[in-house]
Amino acid sequence: MSAETEQKILDAALHVFSKNGYVGARTRMIAKESGFTEMTLFRKFETKENLFNQVLITNRERLVKDFDSLLAPYDAEDPKVHFKTLIMNLMNMMDKNFEFVNIIIYERERVSHSVTKRFVAHLAQYLEKTFPRPNLDYSMLSFTILSFLFFIIFNKKIGDNSFKVEGPVEEFIKYHSHCLRL
């Protein structure tokens, strides 16, 4: 099987697992979405569980690279601008990888908790190094940021037209900038 065929199957599986969950996703749905037969899926991945696990591995690696690129060393710019840029970039990253993030959250029984913990811990370390404040729980701040951004993107994705992203994000940034004393 070519790498292109495998990637089409993985992309289709990501979409179907995100939309329907592991239990609700059927291999025939994934096959139809990918444009290949179920036989092709089973020839490469053997089981739905193997396909699901490969979707997780492939997308986790991509998300880790995206995430790491956002956590660049702090430069001399204004800390408020840096914090706002970080939040906006994290929101764009979550938007770009929403289907995978959705799977991590809704299929947490099937996904290693270390995936979520790794992102929370990595962001917490970055925040503590970049915006040092005594007595601040950076893990909680990290979890709050990531949870808030998921909620924002989730509402955007479900098509809630009454929900405007800009206002809540600006308020979030303003409030947390104040808490960080930026």
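1. **Ground rules.** Since this is a predicted model, local features need pLDDT of at least 70 and side-chain atom pairs count only at pLDDT 80 or more, while totals for chains, interfaces and linings use all residues. Numbering starts from 1 along each chain as its sequence is written, and side-chain values use heavy atoms, with hydrogens and water left out.

2. **Overall fold.** The protein has nine helices and zero strands, and along the sequence that reads α-α-α-α-α-α-α-α-α. Both element types are DSSP runs numbered from the N terminus (helices: H or I, at least four residues; strands: E, at least two). Taken along the principal axes, the C-alpha atoms fill a box of roughly 60 × 35 × 30 Å.

3. **Surface and contacts.** The accessible surface comes to about 10,500 Å², with 54% of that belonging to carbon and sulfur atoms; the areas are Shrake-Rupley values with a 1.4 Å probe. Of the 182 residues, 43% are buried (buried is under 20% relative accessible area, exposed is over 50%, partly exposed is in between; 1.4 Å probe, protein chains only). Among contacts (heavy atoms within 4.5 Å) with a separation of 6 or more, 67% link residues 24 or more positions apart.

4. **The nonpolar core.** The largest core holds 57 residues, and Phe17, Leu51, Leu90, Leu123, Leu127 and Ile145 touch the most other members. Helix 8 gives the most to this core, with nine residues. A core here is a set of buried Ala, Val, Leu, Ile, Met, Phe, Trp, Tyr and Cys residues joined through side-chain atoms within 4.5 Å. Leaving aside neighbours within four places in sequence, Leu127 is in contact with Phe83, Leu86, Pro132, Tyr138, Leu141, Ser142 and Ile145.

5. **Helix 8 against helix 9.** Helix 8 (residues 138–157) and helix 9 (residues 166–179) pack at an angle of about 170°, their axes 11 Å apart. That makes helix 8 roughly antiparallel to helix 9 (the cut-off is over 145 degrees; axes are lines fitted to C-alpha atoms over the stretch in contact, and angles run from 0 to 180 degrees between N-to-C directions). On the helix 8 side, Leu141, Thr144, Ile145, Phe148 and Ile152 meet Pro168, Val169, Phe172 and His176 of helix 9. By class, the contact has seven nonpolar, two polar and no charged residues; Ala, Val, Leu, Ile, Met, Phe, Trp, Tyr, Cys and Pro count as nonpolar, Asp, Glu, Lys and Arg as charged, and the others, Gly among them, as polar.

6. **Met94.** Met94 sits in helix 5 (residues 79–96) and is buried, with a relative accessible area of 5%. Not counting residues up to four places away in sequence, Met94 touches Val101, Leu146, Leu149, Phe150 and Ile153.

7. **A buried glutamate.** Glu107 is in the loop between helix 6 (98–106) and helix 7 (113–130), and counts as buried at 10% relative accessibility. Beyond residues up to four places away in sequence, Glu107 touches Gly21, Tyr22, Phe52 and Asn102.

8. **Positive phi values.** Glu46, a residue other than glycine, has a positive phi near 70°. Glu46 lies in the loop between helix 3 (38–45) and helix 4 (48–70), and counts as exposed at 59% relative accessibility. Asn135 is not a glycine either, and has a positive phi of about 60°. Asn135 lies in the loop between helix 7 and helix 8 and is exposed, with a relative accessible area of 84%.

Note on methods: Angles under 35 degrees count as roughly parallel, over 145 as roughly antiparallel, 65 to 115 as roughly perpendicular and the rest as oblique.
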